[in-house]
Structures are given as C-alpha cells and as structure tokens.
Amino acid sequence: MTDAATDVAVGGTHDVIVVGGGPGGYAAALYGASAGLDVAVVEKHKVGGTCLHAGCIPAKELLEAASVYRTVSRAGEFGVAAGEPSLDWSAVLRRKQQVIDKMMSGLSSLLGQRKVTVYAGSGSLGGSGTVEVSDADESGRTATRTLSAGAIIVASGSVPRTIAGFDVDGELVVTSDELFKIGRLPESAAVVGGGAIGCEFASMLGDLGAKVTVLEALPSILAGCDREVANTVRRSFRKRGIDVHTDVAVHGHQPLPDRSGTVVSFGDGKQVGVEMVVVAVGRRPRTEALGLEDAGVETDERGFVTVDQRCRTTVAGVWAVGDVVNSPQLAHTAFAEGMLAVRDIKGEAVEPIDYSGTPWCIYSHPEVAFAGHTEQSAGDAGFEVVTSVHRFMANGRAQILGDTEGLVKVIAEKQPDGTGGRILGVHMAGPWVTEQLGQAYLAVNWEATVNEVAGLIQPHPTMSELFGETVMSLTGRSLHG
Ligand code: NAI
C-alpha cells in the first residue's frame, strides 16, 4: 500500500482471463472451467452483462407483464370476471428486479462452484498475456492489479447507439439502458427505430396503455425478417393503436418549456408530441479503455474487434466473442462464440459457426421467430425454392388461446417434380412462436428434407402442429390446409 491515489498489486495467474462477464464471457468461463481450465472473469459492473441487467431478461419480463395485462383485459371472453386491470408500475419493476437478482445469484453461485475467480473492476490488455484490472473504491482511490494468463478472451459487449439531436437524459430521451428503470410509465412515447428492440418496446408500452409512435428510417419495420412476418406485426400494431411510420428520417425534438414532454420532428414536416422518446437504433461495440490499440488488436471501420472463424483476434493469445465482434448481437451467439473460443484455446478441432442458421426470436406481440433463408436470401444464394404458408387462424390451440394472428412460412429447395426438398428457412409470427422455433431450427440446421419432417407426428392440439402442416403441404399432399 502507498499513499498515492493508485495502489498497484500483482494479481493471479490463470489459464484463461475473460474480460467481461456477460453471456459471451460467462459462457466461456463456465464452459472453460467445465473443461478443466482455471478461468478468471474481470467484470466492472455485475456478472450477467447487458442480457441479464439491461437487455433480454428485463425486456422479456416487462413484455410478460404486458401479456398478463392483455389477458386480464380479455378475461370476460373466457367467462372469468376479473374487472378492469390496472397497473402498479413499481410492482412491475420490483418483480423484474426479483427475476434479475435470482438469476444473478444463480450465476454467481455457478461461477463459484466451478472455481471461476471473478475480479471486480475494469480490465484492459496489458500486453504479453497480461490484463490490468482497475477498481475504484468509494473514496475514488483506484487499485490496480496485473493478472496473467496463457489466453485472454475479450467479451466486453456493446452499448446502445444514439443519434444526433437526441441527447439521452434518462427522462425525455432514453435508450434501453434507462427504460428499464423509469419511475413512471409514459402516457405517450415515440420509439425511434423499428428493429427488434424498438418493436419489443413499442409492443410493451402500447399494451400497457401508452400511445406509441414508431419512427423507422427503412421502408419496413423488422427489416431483417420475412416480409409477411414483418407485416403481421405491423398489422397487429395498427389494430392496437400503435402508429408506425416507415421511410422517415427523424430530425430532432423540442422539449416543452416545463419538460413534461417533447415534440419530435420527422419525415416531411411531420411532428408528434410525446412524453418520452425511446431511441432504439442499434448497438455499437464497447471497445473503449480496453487497451486494444496498444496491444495491437485490430478493430474494423465500425469499431468491432476483427476476428477469424475461430474468434482469434489479430494478436496471438487473444480471442474476442459476443457483441464486441461483428456477428448477430444475440446472447445465444455469444454463448456459441464463448464455447468455440474455449475449444480453440484447448487446441481442439473447431467447426466455424454457421451464422446463417442462427435462431432469431423477437418477443413483441405477436412474437417473431425464424431460422435460415428468407425467400429473397435463398434466391440470392442461387436456390430455386417452393414456399408454403399456414395461418394460426386455422389452428385449434391458437383458437383456444384466442390468439390467432400470425403464420408459419416454410421455404424449401424446389425438386424437379415441384415438391419441396431440403428445408432452407422457417419464419413464424404468432403466439408463442419463440417457443415453437426449436424444431424448425433443428430442421434447417440438420438440413432435413420436407419428406423427413412431414413423416413425423406432431402432438395435437398444439400450435406446433402448424409447422408440421406447413411442411407437409410441400410434399404435394396435406391434411387441413
Ligand atoms: P436493429 O439494428 O435491430 O434495429 C435498429 C433499427 O433502427 C433499424 O431498423 C434501423 O433502420 C433503424 N434506425 C437507425 N437509425 C435510425 C434513425 N436515425 N431514425 C429512424 N430509424 C433508425 O437494432 P436494435 O433494435 O436497437 O437492437 C440492437 C441489437 O440487439 C440488434 O442486433 C438486435 O437484433 C439485438 N436484439 C435482439 C433481440 C431479439 O432477438 N429479441 C432483442 C433486442 C435486441
């Protein structure tokens, strides 16, 4: 110890040091430890990362509150007298926090059981297999220690992107980071960006009673999704009073003098007055203060860490996984990359990840889920295709639920006789499709054919029957549709 504002100490030596304790980092740590490696994680906030604290988990928890609200509003249809639902926002936030706390405590115990050492503080590459960890205490005194390892995995994640003219103040203008903590639900909101985050928030806020306007720069919301799927969501939004403007630029906003709201300017001279603006225009990699440049780790023009198919960076002994690299920004791809990096570190044969088969799930109402090619991308890849679409309207379980919006679309390679061969893509919108994607994901990634899947029995009555029926109709024969 010295009297200086910085204390310096030598820390531990490990087989692997992971910088960042989100899904990419903790997956690498848990998997690495289960493979016999001595792993350390450096985390400046809390283990669990964006996914657990400001992303997947809180978003889906709040969407579930919206779903309960919707269900109770319609209880009378089922002969259940529940009265008009009302919302206790602080109770909603409390429950969300309880879920997060429980999951974080489970994750911390698991890391402990696997003997993963967690260092609190900011990690940066120190060169020659070292990581500097700095941690400031309440008095502002910084302690720095140097750790060393044979392998380092950078898993520092991403942060919300912002746009000019919309300074985030946590009240009038928020990103996903702030929205999960707002003290009061706004009566009206403009959501800038109609991607996954924008649509999930628009759906949640709209179902909980806010008047929502979505402003999207591209010609369609959910631009990466199948057109019919995106249109299903857009139609449902319209029916529920959520306004969607596509092909519009946002120009800025003018807060009211008392700051009780703001007026957003967009498109060709249009304006909308709202209590809150939610900016959901994508996420950028978090690479600041990591010492990447000094260590020689290259980043690309968009700031992502450059990696090869084994998640190796441009510096030997340093890997990078998760949102900090340019692959789908999803917790489950981060898991896959974390595990792949560990296998490579152990010197095992590594199969590159086929990102084209990634499962995608968006938890708006209606939900969206897909894996594999759209008709467009299959065509671009040179496939001649046949497609089949079946709608939940005809499905018994969906009618029982009273939730019949949506469809299943299957895209298969066209055979000479016009029937479907290999299943190339499955796209779904509708009730619980995020839980129905599993078999479609396997079919696409196992390169199953239409005949193979059509020969399997689907349980009745389930919503997953619709997938079976949709595949079956590509054999040239069908049951109900
Ligand atoms: P995104 O890239 O999916 O969507 C952003 C949208 O904002 C795009 O449609 C874009 O055209 C639009 N946009 C950009 N600048 C704009 C502007 N100035 N005015 C109007 N519109 C503008 O990004 P998002 O939704 O923020 O999500 C970030 C990442 O997290 C994505 O990779 C997303 O896939 C992932 N994510 C996935 C979820 C899921 O799969 N359920 C949930 C949440 C996030």
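The following legends describe close-up views of a predicted model.

View 1. The shell around the ligand consists of 24 residues, of which Ile197, Glu200, Glu216, Gly282 and Cys361 come nearest. By class, this shell holds 15 nonpolar, 5 polar and 4 charged residues. Two elements, helix H6 (196-207) and strand S18 (360-362), each supply at least two residues of the shell. Helix H6 provides the largest share, 4 residues.

View 2. Glutamate 216 places a polar side-chain atom 2.6 Å from an oxygen atom of the ligand. At glycine 282 a polar backbone atom takes part, with a distance of 2.8 Å to an oxygen atom of the ligand. Alanine 196 likewise has a polar backbone atom 3.2 Å from an oxygen atom of the ligand. The ligand taken alone exposes 830 Å², and the protein buries 79% of that area.

View 3. A disulfide is a covalent bond between the sulfur atoms of two cysteines. The model has a count of 0 disulfides when the sulfur atoms of a pair must lie within 2.5 Å. For cysteine 56, the nearest cysteine sulfur is that of cysteine 51, 3.4 Å away. Because that distance of 3.4 Å is not within the cut-off of 2.5 Å, cysteine 56 is in no disulfide. Cysteine 56 has a relative accessibility of 28% and therefore counts as partly exposed. For cysteine 311, the nearest cysteine sulfur is again that of cysteine 51, here 18 Å away. Cysteine 311 is buried, as its relative accessible area is 3%.

**View 4. Serine 388 in strand S20.** Serine 388 belongs to strand S20, which covers residues 385-391. With a relative accessibility of 8%, serine 388 counts as buried, because the limit for that class is under 20%. Leaving aside residues up to four places away in sequence, serine 388 touches Val408, Lys409, Val410, Thr470, Ser473 and Leu474. With one of these residues, serine 473, serine 388 forms a polar contact of 2.6 Å between the two side chains.

**View 5. Histidine 460 in a loop between two helices.** Histidine 460 is located in the loop that runs between helix H13 (450-454) and helix H14 (465-472). The relative accessible area of histidine 460 is 62%, so this residue is classed as exposed, a class that requires over 50%. The side chain of histidine 460 makes a polar contact of 2.7 Å with the side chain of glutamate 465. Arginine 397 is 63 residues from histidine 460 along the chain, and the C-alpha atoms of the two residues are separated by 8.5 Å.

**View 6. Serine 73 in helix H3.** Helix H3 comprises residues 56-73, and serine 73 lies within this helix. The relative accessible area of serine 73 is 41%, so this residue is partly exposed. Serine 86 is 13 residues from serine 73 in sequence, and the C-alpha atoms of these two serines are 9.4 Å apart in space.

Conventions: Residues numbered from 1 in each chain as written. Predicted model: local features only at pLDDT ≥ 70, side-chain atom pairs only at ≥ 80, totals over all residues. Heavy atoms only, no water. Near = heavy atom within 4 Å. Polar contact = N/O pair within 3.5 Å; in protein donor to acceptor, adjacent residues only side chain to side chain. Areas by Shrake-Rupley, 256 points an atom, 1.4 Å probe, with all protein chains shown as cover. Nonpolar A, V, L, I, M, F, W, Y, C, P; charged D, E, K, R; others polar. Buried < 20%, exposed > 50% of the residue type's maximum accessible area, 1.4 Å probe, protein only. Contact = heavy atoms within 4.5 Å.
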